[in-house]
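Hi,

Here is the structure I promised to pass along. Have a look at it first, and then read on for what turned up.

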Amino acid sequence: MTRKTQYLFFAFFFCISSLCFAQPPGFIDEKISDNWTIPVGLTFDKLGRMYVWEKAGKIYMVEKGVKNPVPVLDISEEVLNFNDHGLNGVVLDPDFLNNGHIYLLYTARRHHVLYYGTPQYNPGIEENFKTSIGRVTRYTLKKDDDFKSTDYNSRKVLIGESISTGIPILTDNHGVGSLVFGKDGTLLVSVGDASITSEPPSDDSKSPWFLEAIEVGIITPELNVNAFKSQIINSFNGKLLRINPVTGDGLASNPFYEAANPRAAKSRVWAYGLRNPFRFVVQPNTGSTNPADGNPGTLFVGDVGWDHREEINIVTKGGQNFGWPMYEGISYINQSYSDSAYRPVNPVMPIVEWRGPLAQSTVNGETYGVGSLQFKGNPFTGIASIGGIFDTSDAFPENYRNLYFQGDYQGWVKAFRLNGNNNAVEVIDFTDGVFPTCFAQNPLDGSIYYVSYDYPDKNEVRRIYFDPQANLRPIVVAEMSTNYGKTPLFVKFKASDSKDPEGGPLKFHWDFGDGITSDEPDPYNVYIHTDDQIKEATVTLTVTDNVGKSDTKTFVVYLNNTPPKILKTSIDSLDSFSNVADYKVKLSASVVDYEHTDLSYQWIVVLHHDQHTHFVTSFKKPEGEVVLGRVPCDNQEYYYRISLVVTDPTGLSGTFNKGVIPICPKDPDPDPDPDPDPDPDPDPDPDPDPEEIILGVYPNPTPNTISLLANKDFENQFVKINLVDSRGQSISKKEGYWVNLKEDMNKALSSQSIGIYFLTINYGDKTRVFRIYKE
């Protein structure tokens with residue numbers, strides 16, 4: 001094992017290029033249109049006509065690149081357009097060109113729900129946010145009008161006929177998401193948890209919103225449990241639903257269906273334990289065409305995280321539980337939401353997680369950090385997982401076909417390459433600086449279209465396509481000598497390493513954010529202010545090629561501000577620990593910031609294992625306790641990296657990193673010095689030392705059960721065993737003779753989901769730990 005030393009890091013030279021990337025060679029990402037008002041989604045019919053819907057409740061048809069001026073459908077009178085809420089989901093019927101059916105998922109204005117069609121109804125009433133319901137409705141576009149207008153008399157409510165039968169909308173976000181047809185023709189619906197999560201959690205049952213919802217009849221008192229609604233089967237929130245598109249009823253092949261009550265929430269639930277599954281897609285070539293089979297296809301779901309992880313989840317069958325609010329990401333446990341009454345049993349972990357220090361993928365039961373041989377690609381992070389789309393055309397080069405395209409609202413689109421087990425083994429950068437909210441593929445040319453929206457001035461429809469002869473935008477590589485300091489502040493900028501893929505000349509334009517500009521590739525600027533107030537200057541660089549194609553990057557200079565300084569920590573002298581048992585570490589730090597007192601803290605623990613990394617845990621408090629787990633004593637390299645990031649209110653951070661090595665016990669000297677004063681009359685026939693028991697497990701990986709391999713009889717050995725999952729939760733903990741324990745242990749193992757488990761066996765004064773891979 002190699003010793004790793006601590007270092008304190010404040011960056012004085014910043015490379016912006018690490019945050020930026022271009023498409024793979026030959027791929028173009030370009031804006032198609034921006035004449036929209038908060039677009040949130042788009043889809044295509046089989047003739048290649050595009051339908052774009054706006055959050056306020058209007059849907060427009062785009063033919064041959066031209067937006068029809070009149071919406072094909074407008075329900076803005078009914079839609080609650082507030083924060084995240086609005087018309088979020090739209091899907092065309094699989095037989096749309098014959099029947100004209102279009103399905104809508106939206107948040108309804110409470111006044112409309114309660115009073116529409118009565119004398120009390122007033123369409124002119126302006127409402128701020130009030131608890132309400134989400135609805136699924138179906139309309140019919142007029143075929144004789146070439147689907148350019150709607151028969152409003154065709155309206156049919158599938159979910160949400162009344163205030164007490166709709167999808168509860170209890171907060172100003174995490175409402176409704178997407179509509180997708182399964183291969184079997186059933187309609188799938190995604191719904192957020194409608195909750196307020198806080199750290200530490202407050203008594204949210206007293207929230208005025210929630211109490212009001214009970215009074216109005218939106219929820220019953222037993223559902224006033226905030227985020228735990230995701231774990232309650234008879235609640236719509238935090239779920240994927242599966243309904244009959246004709247009636248809105250649940251399907252008899254749903255996992256919790258009740259024949260006597262097909263419209264109950266539980267009868268319509270397909271999967272649960274989700275936070276905000278805003279966008280999802282059915283994987284091509286999966287599923288059955290028969291609804292009775294209960295197999296609409298494999299679903300790839302982007303679940304938006306809380307404050308710790310973003311997820312890509314895979315739903316392979318009905319009834320799966322994805323762990324929220326207790327579990328987030330592959331291994332994070334929200335201790336504040338670990339109420340045993342709502343503890344998930346065998347939650348399904350995401351295949352990919354990101355946010356914070358490390359993006360990870362689970363490959364064949366093991367978790368690998370991005371950049372490893374098992375999960376190739378560049379490091380990435382984000383703040384909001386936006387489920388994507390599978391490429392199903394032959395418009396892309398063969399090496400880029402059948403990829404899964406995924407977004408994050410922080411500003412990127414990436415493609416994930418999957419192996420035969422649907423494990424992500426590579427992430428490919430496609431574009432950044434965008435704000436994707438929905439994806440669709442044009443059936444005519446195979447281009448991938450998406451909406452990019454960011455308040456107040458990005459209202460775009462964009463597309464990704466392949467054209468090896470097209471002119472590509474410049475690749476921006478930018479550096480600055482510092483991003484903070486007291487004024488007057490001298491800052492050097494450099495962009496001369498930027499490149500034109502076609503090899504042509506480039507033009508540069510810098511806007512330093514203080515009224516000064518420059519057209520030099522490598523300019524400097526002196527920031528001068530007459531006072532000592534903390535300010536931020538947003539620097540914008542535009543690089544343009546000789547045919548007018550450009551790319552723009554922005555970053556911030558913090559004036560009269562310095563990052564928090566971490567003076568010392570509780571682990572400054574901790575370099576290693578004895579690898580004979582798990583090691584508890586208390587974490588705290590002394591920090592000074594000369595401009596601010598309201599600092600935020602994040603501690604992060606990562607295990608480095610040879611050429612890859614495993615995220616262990618993180619928490620956002622000034623102090624706490626972590627456990628550095630025991631690692632195998634083999635020829636591989638292991639060490640823990642403990643990091644602290646302290647951030648001021650403007651976003652400027654100071655970072656501390658420390659490497660801690662687990663030290664394995666040394667083997668006994670195979671040839672010790674002889675006794676200098678040997679026994680003059682040694683026993684001529686001493687009893688030989690007992691032969692050491694050598695253990696192994698097989699088969700490993702295993703579908704269900706394991707056996708122990710031993711070099712001598714082990715069946716009648718008295719042992720203590722503890723089988724735990726990857727989060728440290730005990731599954732089987734017993735003591736006795738191995739011959740009597742192994743059957744119960746294997747029963748416990750066979751009942752678990754696919755993943756990694758650890759078996760600790762204590763016998764005599766020996767302890768062995770085995771990592772078991774369950775297929």
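Which residues of α5 are buried? Before the answer, please keep in mind that this is a predicted model.

The buried set in α5 consists of Trp738, Leu741, Met745, Asn746, Ala748 and Leu749. They sit on the same side of α5, because they cover an arc of only 155° around the axis. As for its dimensions, α5 runs over residues 738-750, 13 residues in total. From first C-alpha to last, α5 reaches 18 Å, close to the 18 Å expected at 1.5 Å a residue.

Next, the surface. Phe490, Tyr524, Val526 and Ile528 together make a nonpolar patch of about 430 Å². One of these, Ile528, is found in the loop that links β38 (524-527) and β39 (535-544). Ile528 counts as exposed because its relative accessibility is 62%, and the cut-off for that is over 50%.

Asp432 gives a contrasting case. Asp432 belongs to strand β29, which spans residues 424-432. With a relative accessibility of 10%, Asp432 counts as buried, since the limit is under 20%. The side chain of Asp432 also makes a polar contact of 3.0 Å with the side chain of Lys553.

Best wishes

Key:
Residues are numbered from 1 along each chain as its sequence is written. This is a predicted model: local features need pLDDT of at least 70, side-chain atom pairs count only at pLDDT 80 or more; totals for chains, interfaces and linings use all residues. Side-chain values use heavy atoms; hydrogens and water are left out. Patches are made of residues with over 30% relative accessible area and no salt bridge: like charges are joined within 9 Å, nonpolar side chains (Val, Leu, Ile, Met, Phe, Trp, Tyr) within 5 Å. Accessible areas come from the Shrake-Rupley method with a 1.4 Å probe; for residues, only the protein chains shown count as cover. A salt bridge is a side-chain nitrogen of Lys or Arg within 4 Å of a carboxyl oxygen of Asp or Glu. Helices (H or I, at least four residues) and strands (E, at least two) are DSSP runs, numbered from the N terminus. Buried means under 20% relative accessible area, exposed over 50%, partly exposed in between (1.4 Å probe, protein chains only). The expected span of a helix is 1.5 Å times one less than its number of residues. The arc is that of the directions from the helix axis to the C-beta atoms. A polar contact is a pair of N or O atoms within 3.5 Å; within protein, one must be able to donate a hydrogen and the other to accept it, and residues adjacent in sequence count only if both atoms are side-chain atoms.
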